Amino acid sequence: VRNLIPVLGDQLTPTLTSLAAGDPKQDVVLMAELHDEATYVRHHKKKIAFLFSAMRHFAEELRAAGWTVDYVTLDAAENGGGFTEQLRQAVKTHRPQRIVVTEPGEWRVGQMMAGWEEQLSLPVDILPDTRFLCTPDEFAAWARGRKQLRMEYFYREMRRKTGLLMEGDTPEGGRWNYDTENRKPAALDLFMPKPKTCKPDAITKEVLALVEARFGNHFGDLEPFWFAVTRADAQAAFTAFVDHALPFFGDYQDAMLTGEPFLYHAVISQYLNCGLLDPLTVCRAVEAAYHSGKVPLNAAEGFIRQIIGWREYVRGIYWLKMPGYVSLNALDHHRPLPDFYWTAETDMACVKAAVTQTKQQAYAHHIQRLMVTGNFALLAGIDPHALHEWYLSVYADAYEWVELPNTLGMSQFADGGLLASKPYAASGAYINRMSNYCGSCRYDVKQRTGAKACPFNALYWDFIARHRDRLAKNPRMAQMLRSYDNFDAAERERIADSAAGFLASLD
Ligand code: FAD
Ligand code: DLZ
Ligand code: SF4
């Protein structure tokens with residue numbers, strides 16, 4: 001064998017650089033279901049089943065294209081448990097001249113790869129991952145010398161680079177960003193589109209049984225299992241989104257509704273992040289839908305910004321700032337993660353809804369992650385590292401390169417404002433405006449303090465008071481600080497007491 005090509009669980013793309021550099025006649029692909037990868041955080045059962053099944057289907061796809069694939073299932077006798085051990089075994093079996101691999105998404109795995117040459121006494125070529133638009137080096141060059149990093153300016157570079165929604169040098173419609181049109185609450189609608197669901201085939205059924213047997217005690221419901229596990233089905237799910245939900249994507253991007261976990265979202269991040277869908281291809285399809293008059297500009301621009309803007313930007317920050325980034329805790333928050341993040345046993349209707357659907361679907365949309373579970377943790381002073389491990393394990397789309405900057409930076413302000421310009425902290429009024437959760441909640445969103453008051457309210461003002469000095473430096477927080485200062489001393493005391501009382505009930 002000439003090259004041994006390890007393909008990781010989030011590299012399920014036929015045009016992957018390591019495969020493009022290979023030759024099916026002389027090389028062997030190695031894929032492995034690994035105990036270490038499934039448990040370095042205890043991933044949601046549905047996430048593990050999704051990846052194992054997608055990996056098995058991808059191995060079939062490669063074999064059909066003429067590749068020899070050494071595929072090691074989790075229950076195989078020769079399963080080594082981790083990447084390096086499995087590779088050592090494969091080197092013994094196949095006696096390759098070299099190892100060729102595409103760079104990994106996570107820093108942790110990059111460290112492993114860096115040790116392979118010495119541990120295996122073989123040359124190791126690590127090729128770039130061209131599924132992203134911006135390389136870590138390009139991002140570092142963009143960031144160099146800037147006093148502040150802001151997604152909006154990075155995004156404009158990516159628009160220019162790809163030509164997406166551009167007319168020459170100017171943005172389509174004359175503006176770069178149509179977010180101001182995208183903040184409408186949604187109404188219950190009998191005809192709300194639903195993500196396309198797929199029936200488990202024989203391969204998926206076998207994986208479901210394996211995951212139940214081996215990871216039965218992990219968080220989350222394994223069934224019903226309806227994710228696409230092949231490129232063709234993921235593409236069909238994306239096309240259904242473009243046809244039915246994308247026209248409303250912009251308008252209702254920030255909305256939340258009881259019993260509607262998906263609203264007008266794409267529900268494709270799990271497919272993009274493991275390689276079943278290609279980011280640039282989906283953006284081109286959305287641009288084409290705009291040009292053919294199927295979707296309005298605010299929807300197309302909003303969607304494309306999430307992918308070529310936010311998705312690339314968070315990856316850039318991750319590789320720029322790791323390994324130190326994961327331990328940042330700028331607000332010095334140390335409270336343990338409350339149990340209800342696992343059990344959903346809380347009277348807060350908004351939190352209960354987000355955690356319940358997370359358990360059922362391994363999915364919550366962005367505003368639930370940011371403004372419900374994330375916002376609560378920020379206000380309550382939860383340890384950002386514990387929260388990071390929660391987000392990394394419970395969502396089907398979670399890999400550290402994308403989850404960590406979103407959690408630590410965007411949602412918890414634990415990087416002190418590197419990624420986001422102000423903390424995404426909000427009281428119950430925001431949740432009430434964007435959702436219909438409060439109507440059925442035991443708490444009263446209109447009350448600031450007292451036993452019946454929405455906990456987000458006192459916690460919000462208490463957060464402002466606790467971090468007053470730091471927030472005073474931020475002009476975008478000035479109005480909130482003034483509002484707090486306008487409360488009389490007795491009200492400030494009631495706020496502190498209510499917040500402390502509620503926090504004590506968490507312990
Ligand atoms: P849509 O709302 O339909 O958006 C379309 C696509 O845009 C998504 O599929 C995704 O690829 C991309 N996108 C949108 N927002 C972001 C963002 N902030 N960062 C990166 N990509 C984005 N996204 C992940 O892919 N993996 C994660 O582990 C993850 N963890 C998060 C943790 C927190 C605390 C927060 C606030 C956000 C996190 N996000 C994460 C971003 C976002 O919530 C998800 O990408 C989105 O909810 C996926 O659902 P969707 O496909 O329906 O997205
Ligand atoms: C997330 C994950 C899981 C649960 N299982 C596997 C696996 O068994 N085999 C594998 O090759 N990859 C898996 N992955 C994805 C890896 O963790 C991923 O490649 C790293 O997170 C790097 O981004
Ligand atoms: Fe959430 Fe407060 Fe509304 Fe209840 S009242 S749903 S806790 S925001």
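The structure is a predicted model, in which local features require pLDDT of at least 70 and side-chain atom pairs count only at pLDDT 80 or more, whereas totals for chains, interfaces and linings use all residues. Residues are numbered from 1 along each chain as its sequence is written, and chains are lettered from A and ligands numbered from 1 in the order in which they are written.

The protein contains 24 helices and 7 strands, these being DSSP runs (H or I, at least four residues, for helices; E, at least two, for strands) numbered from the N terminus. Its C-alpha trace spans about 75 × 55 × 50 Å along the principal axes. For 507 residues, a compact globule would have a radius of gyration near 23 Å, and the value of 24 Å for the protein agrees with this; the radius is taken over C-alpha atoms, and the globule rule is 2.2 Å times the number of residues to the power 0.38.

Three domains are assigned: domain 1 (3–127), domain 2 (136–193 + 245–321) and domain 3 (340–506), with bounds that come from an automatic or database domain assignment. The C-alpha centres of domains 2 and 3 are 24 Å apart. Between these two domains, 21 residues of domain 2 are in contact with 25 residues of domain 3, contact being defined by C-beta atoms, placed from the backbone, within 7 Å. On the domain 2 side, α12 and α14 are the elements that give two or more residues, and α14 gives the most, with 5 residues. This side comprises 12 nonpolar, 5 polar and 4 charged residues, where Ala, Val, Leu, Ile, Met, Phe, Trp, Tyr, Cys and Pro count as nonpolar, Asp, Glu, Lys and Arg as charged, and the others, Gly among them, as polar.

Ligand 1 is surrounded by 28 residues, of which H265, A266, Q306, A398 and E403 are the closest; a residue is included if its C-beta atom, placed from the backbone, lies within 6 Å of the molecule. Two or more residues of this shell come from each of α12 (269–274), α14, α17 (366–380) and α19 (400–411). The shell around ligand 1 consists of 14 nonpolar, 10 polar and 4 charged residues. Because domain 2 and domain 3 both give residues to this shell, ligand 1 lies between them.

Ligand 2 has 16 surrounding residues, the closest being L8, G9, E37, G105 and E106. Helices α2 (35–39) and α3 (45–64) each supply at least two residues of its shell, which divides into 9 nonpolar, 3 polar and 4 charged residues.

Around ligand 3 there are 14 residues, with M348, C350, C438, C441 and C454 the closest. At least two residues each are supplied by α16 (349–361), α20 (428–434) and α21 (455–466), and α20 gives the most, with 3 residues. The shell around ligand 3 is made up of 12 nonpolar and 2 polar residues, with no charged residue.

Helix α7 (residues 136–143) packs against helix α14 (residues 297–321) at an angle of about 85°, with the axes 9 Å apart. Helix α7 is therefore roughly perpendicular to α14, a term covering angles of 65 to 115 degrees. The contact involves P136, F139, A140 and A143 of α7, together with G316, W319 and L320 of α14. These contact residues divide into 6 nonpolar, 1 polar and no charged.

Notes:
Axes are lines fitted to C-alpha atoms, for helices over the stretch in contact, and angles run from 0 to 180 degrees between N-to-C directions. Angles under 35 degrees count as roughly parallel, over 145 as roughly antiparallel, 65 to 115 as roughly perpendicular and the rest as oblique.
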